[in-house]
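I opened my notebook to walk through this model from the inside out. Here is what I looked up, entry by entry.

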Amino acid sequence: MSVSVWRRGGVSMTAVAVIAGVAGCQGGDGEKKSTGTPRTETQSRTAVTQVLTAAYKKTAAAKSAKVRMTMTMPAAMDGGGTMEMSGVMGWDPTVMDMTMKGSMFAAAPTAPEQIRMVWLNSAMYVDMGSKASKEMDGKRWMKLDLGAAAEATGDKALQKQMTGSLESMNQDPAQQLAMLLESPNLKHIGAEKVDGVEAQHYKGTLTLDEMVASNDSLDALGEKERKDLLATMKKSGIKGYDTEVWVNEDDYPVKLDVAMDSPEGQVKIVANYSDYGAEATVQAPSAGETFDLMDMLKELGEGLKSAGQS
């Protein structure tokens with residue numbers, strides 16, 4: 001396989017992993033009670049919580065939507081750039097059928113203008129393009145089975161973390177609303193128009209400690225494992241997340257902004273949602289068109305081992 005093909009796959013996997021990582025630091029759907037705050041502030045938070053709780057329940061029940069998403073990464077993060085994604089996504093269970101394009105692919109001169117990504121049954125499939133298929137015996141789809149990848153690590157704690165995070169592995173709006181409801185400084189910004197539709201704008205933030213405490217997908221980890229994970233995240237320089245949401249008169253979020261500050265700069269995801277409840281029919285590519293990344297890495301490892309012994 002050529003470097004360009006690996007580069008395309010790496011960019012695609014990295015971008016989706018960042019989205020997954022943001023979503024993976026979410027959980028819970030309850031509100032926190034305010035104590036010792038002025039009555040007016042308490043009343044304001046209660047009103048906001050009621051609106052967002054209703055939106056959360058309705059969005060969770062919809063289980064699917066069409067999405068248009070843009071992710072921006074700083075240049076210090078493997079070249080950075082932007083990635084645009086559009087398509088359909090479903091949650092409970094997690095499925096996606098997305099088309100991706102943007103400057104993140106510019107470093108691969110033979111890359112197609114856009115790349116299709118399918119997510120189904122805890123596995124990610126990335127269409128590497130017709131040029132890649134010529135180098136891979138006609139197979140243009142690269143598969144990464146996240147469950148198999150977790151098992152291959154041999155690290156029990158890491159396996160629990162990876163497989164547990166599969167429950168919240170996409171950037172679905174229900175999970176984002178759940179995250180926002182956990183914010184201790186949740187507030188209503190005001191009425192604004194999004195894509196010509198009237199919506200109410202809300203905002204909140206969470207520190208790393210607050211996110212880990214409210215992240216249900218980490219329940220499989222022991223106390224020491226959770227502390228180690230939090231320490232690693234803090235060591236990376238991540239402070240927390242800022243989340244903003246715009247909810248329309250039908251109680252559906254029509255826009256979500258998530259920003260994460262890091263030493264390299266800010267990672268930002270802006271998503272617009274529509275057509276809640278739209279059918280999310282997602283199919284995996286045929287086996288004849290697919291090469292398994294884990295199998296390929298295993299074969300490469302065995303080849304290098306044999307070469308070293310000869």
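**Entry 1: the core.** I started with the largest nonpolar core of this predicted model. It holds 56 residues, and Leu52, Met117, Val245 and Tyr273 touch the most other members.

Entry 2: Twelve of them form an open sheet with mixed pairing, in the order 7-8-9-10-11-1-2-3-4-5-6-12. I looked for the edges and found strand 7 (187-194) and strand 12 (290-292), each of which pairs on one side only. From one strand to the next, the twist averages 20°.

Entry 3: Strand 2 (residues 81-90) and strand 3 (residues 95-101) are antiparallel and share seven bridges. Here Gly90 stands opposite Val95 of strand 3. Strand 3 also runs antiparallel to strand 4 (residues 115-120), to which five bridges join it. I noted Ile115 in strand 4 as the bridge partner of Met100. On to strand 5 (residues 123-127): four bridges join strand 4 to it, again antiparallel. In that pairing, Val118 faces Tyr125 in strand 5.

How much of strand 4 is buried? Five of its six residues are, so I wrote it down as mostly covered.

**Entry 4: helix 6 on the sheet.** I came back to the helix from my first entry. Helix 6 lies across strand 2, strand 8 (197-207), strand 9 (240-248), strand 10 (253-262) and strand 11 (265-274). Its angle to strand 9 is about 115°. Is Met179 buried or exposed? Its relative accessible area is 2%, and it counts as buried because the limit is under 20%. I also looked at Met179 and Leu206: they are 27 residues apart in sequence, with 8.2 Å between their C-alpha atoms.

**Entry 5: salt bridges.** Side chains of opposite charge can pair when their charged atoms come close. I found a count of four salt bridges in the model, and I wrote up three of them.

- Asp92 and Lys63 have their closest N and O atoms 3.9 Å apart. Asp92 sits in the loop between strand 2 and strand 3, while Lys63 is in the loop between helix 2 (39-62) and strand 1 (64-73), 29 residues apart. Asp92 is exposed at 57% relative accessibility, and Lys63 is partly exposed at 40%.
- Arg68 and Asp195 meet at 3.6 Å, N to O. This pair links distant parts of the chain, 127 residues apart: Arg68 is in strand 1 and Asp195 in the loop between strand 7 and strand 8. I have Arg68 as partly exposed at 45% and Asp195 as exposed at 57%.
- Asp97 and Arg116 meet at 2.8 Å, N to O. Asp97 belongs to strand 3 and Arg116 to strand 4, 19 residues apart. Asp97 is buried, with a relative accessible area of 17%, whereas Arg116 is partly exposed at 35%.

**Entry 6: Thr290.** Thr290 lies in strand 12. With a relative accessible area of 12%, Thr290 is buried. Which residues does Thr290 touch, leaving out those up to four places away in sequence? I listed Tyr125, Lys139, Trp141, Lys143 and Pro285. Finally, I found a polar atom of the Thr290 side chain 2.8 Å from the backbone oxygen of Ser286.

Definitions and conventions
Residues are numbered from 1 along each chain as its sequence is written. This is a predicted model: local features need pLDDT of at least 70, side-chain atom pairs count only at pLDDT 80 or more; totals for chains, interfaces and linings use all residues. Side-chain values use heavy atoms; hydrogens and water are left out. A nonpolar core is a set of buried Ala, Val, Leu, Ile, Met, Phe, Trp, Tyr and Cys residues joined through side-chain atoms within 4.5 Å. Buried means under 20% relative accessible area, exposed over 50%, partly exposed in between (1.4 Å probe, protein chains only). Helices (H or I, at least four residues) and strands (E, at least two) are DSSP runs, numbered from the N terminus. Two strands pair if DSSP finds at least two bridges between them. Axes are lines fitted to C-alpha atoms, for helices over the stretch in contact, and angles run from 0 to 180 degrees between N-to-C directions. Contact means heavy atoms within 4.5 Å. A salt bridge is a side-chain nitrogen of Lys or Arg within 4 Å of a carboxyl oxygen of Asp or Glu. A polar contact is a pair of N or O atoms within 3.5 Å; within protein, one must be able to donate a hydrogen and the other to accept it, and residues adjacent in sequence count only if both atoms are side-chain atoms.
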